[in-house]
Every structure is written in structure tokens, then in C-alpha cells.
Amino acid sequence: MRLGPLSIMLLAFGLAACGGADEVTEAPGPARDAVSAPATDAVVEGPERRILAFGDSLFAGYGLEEQQGYPEQLEAGLRERGINARVVDAGVSGDTSAAGRQRLAFTLDAQATTPDLVILELGGNDMLRGIQPEQTRANFAAMLDELRTRGIPVLVMGMRSPPNYGSEYQQQFDSLYGELAEQYDAALVPFWLDSIYEDRSMFLPDRIHPTAAGIAALVDDTVDDVEAALPPAS
């Protein structure tokens, strides 16, 4: 789906993705295990697969009930497929890529076991604050270096810039996700809000954060990518 100028402008001012009304960054706390949605009749087999969902308010579930956030609904979606998934919610509202870079090692060290996969979702707040793409790129590279050093596979959730910062900014921001994913051999979802960004009904009244239904649509759109990014069970 192609981003039209009006829609992407709404994205710029609406998807404070990341912060908006909750722009004040929360103090990093311990990541929490996702609370699964009501159990289904699916048969869950195999070893437990630990996934760390590391990001901003789009992962933290701003404005939603505890079981309605992306990590929680993703865990339920994977378990419906029979995958013994445990998704750890490590989203912090308002985080920039710099803030994520500062807390990544601490968050990884705090896990009882090394994650089988890290889903890296940041950058929206960088864009909204006008942080230069080279700084965002450097922060992502540092996080990907940390994860590569630890031998942890990564799925990068890409974002898109609006045109109001200029074509040069837009090109540099939009390209950093794909280029870094290729450089670090990471899996990539090029624009992970693609399935809902034009549908206002999928967002809370602040037009910033997805509703529970919006999150469900995002899970439906990305669960295949998450499953494919998981390494084979040992």
C-alpha cells in the first residue's frame, strides 16, 4: 500500500507512535511476561520460545488493558498456531532509539533466559522530534551490534517518515531500517503499521495509539513474520 501525502501527514502528527500524550519517558522497569489472551483449543507443543518485544508505547500498550497490547496478543496468536511462545513486554512509552540503546543491555541481562528472538521497534519518537536519521541509524547499529554479539536473532519493525521534513530526511529515515536489517542479517517488516494507518477506527481518540482491534490487525499482519524469524527450536 502506498503512502499518500495526506495520510502520511496524519501519520506524522497522529502517530506519536510512540509518545504523544505519554511523551514523558517512563523509568525503565523490569520487562514483564505477556499475559495471554483467553486460552483456545490449540495444542501447544515443543520447547518454550522466548521473544523479547523491545520498543516504545506501541509495544507498551498505551491506553489498553493488560491483555490487549501487541506483545500479549502476539503471544496468544503464536500459541493458537501451536507454538509454545512466551512474549516478554519490554516497551517503554516515549522511548527514542537513544533511550532504547541505553537500556537494551540491562534489559537483556535481566532476562532469566536468553531470548530466542528480539523484536526491535523504535524510531517513531526520533522522527517526531526531528532527530537526524544518522543519529537514529547509529543507535540502531549499536543495538544490533549488542544483539549480534549475544547471538540473538532480530526482527526489525520499520517505520516511515512524513514528507514535511523534506525529501532528504524522508529518504534517509525510511532507508535505514532496510539497510541495517540487510547489514546485520536481521529479519524486517518494512512498515509494520501498514495494515491500519489509513483507518482512523483502528486508533484511540488521540489518533496516536492503536485500539485493541488495531493491535489485533497488526498481529494478524505480522505474526507470519515473527514465526519466520524464530530460529529452529533446539
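**The largest cavity and its setting**

Ser57, Leu58, Gly61, Tyr62, Leu64, His209, Pro210 and Ile215 line the largest cavity. This is a predicted model. The lining is made up of five nonpolar residues and three polar ones, with no charged residue among them. The space inside comes to about 40 Å³. How many cavities of 30 Å³ or more does the structure hold? It holds one. Such empty space is shown by rolling a probe the size of a water molecule over the atoms.

Now step back to the whole chain. The protein has eight helices and six strands. Read from the N terminus, the elements run α-β-β-α-α-β-α-β-α-α-β-α-β-α. There are 234 residues, and 52% of them count as buried. Take the contacts with a separation of 6 or more: 82% of these come from residues 24 or more positions apart.

Arg49 gives one example of a residue with contacts beyond its sequence neighbours. Arg49 sits in strand E2, which spans residues 45-55. Is Arg49 buried or exposed? Its relative accessible area is 9%, so Arg49 is buried. The cut-off for buried is under 20%. Setting aside neighbours within four places in sequence, Arg49 touches Ile83, Asn84, Ala85 and Arg86, among others.

Another arginine meets a ring. Arg103 lies over the face of Phe54, 4.2 Å from the ring centre.

The structure holds eight aromatic pairs. One of them joins Phe140 and Tyr177. A pair like this is described by the distance of the centres and the angle of the planes. For Phe140 and Tyr177 the centres are 5.3 Å apart, and the planes stand at 75°. Why is this pair called edge-to-face? Because planes over 60 degrees apart count as edge-to-face. The pair also links distant parts of the chain. Phe140 belongs to helix H6 (residues 133-149), while Tyr177 belongs to helix H7 (residues 167-183). The two residues are 37 residues apart.

Both rings belong to buried residues. Phe140 has 1% relative accessibility, so it counts as buried. Tyr177 also counts as buried, because its relative accessibility is 1%. Phe140 and Tyr177 are part of one aromatic cluster, which also takes in Tyr165, Tyr169 and Phe173.

Methods. Residues numbered from 1 in each chain as written. Predicted model: local features only at pLDDT ≥ 70, side-chain atom pairs only at ≥ 80, totals over all residues. Heavy atoms only, no water. Phe/Tyr/Trp six-rings, centres within 6.5 Å; stacked < 30°, edge-to-face > 60°. Helix = DSSP H or I, 4+ residues; strand = E, 2+ residues; numbered from the N terminus. Buried < 20%, exposed > 50% of the residue type's maximum accessible area, 1.4 Å probe, protein only. Lys NZ or Arg CZ within 6 Å of the ring centre and 35° of its normal. 1 Å grid on protein atoms, 1.4 Å probe; cavity = no way out; pocket = protein on both sides within 12 Å on 5 of 7 lines; lining within 4 Å. Points joined across faces, edges and corners; volume = space filled by probe spheres on them. Nonpolar A, V, L, I, M, F, W, Y, C, P; charged D, E, K, R; others polar. Contact = heavy atoms within 4.5 Å.
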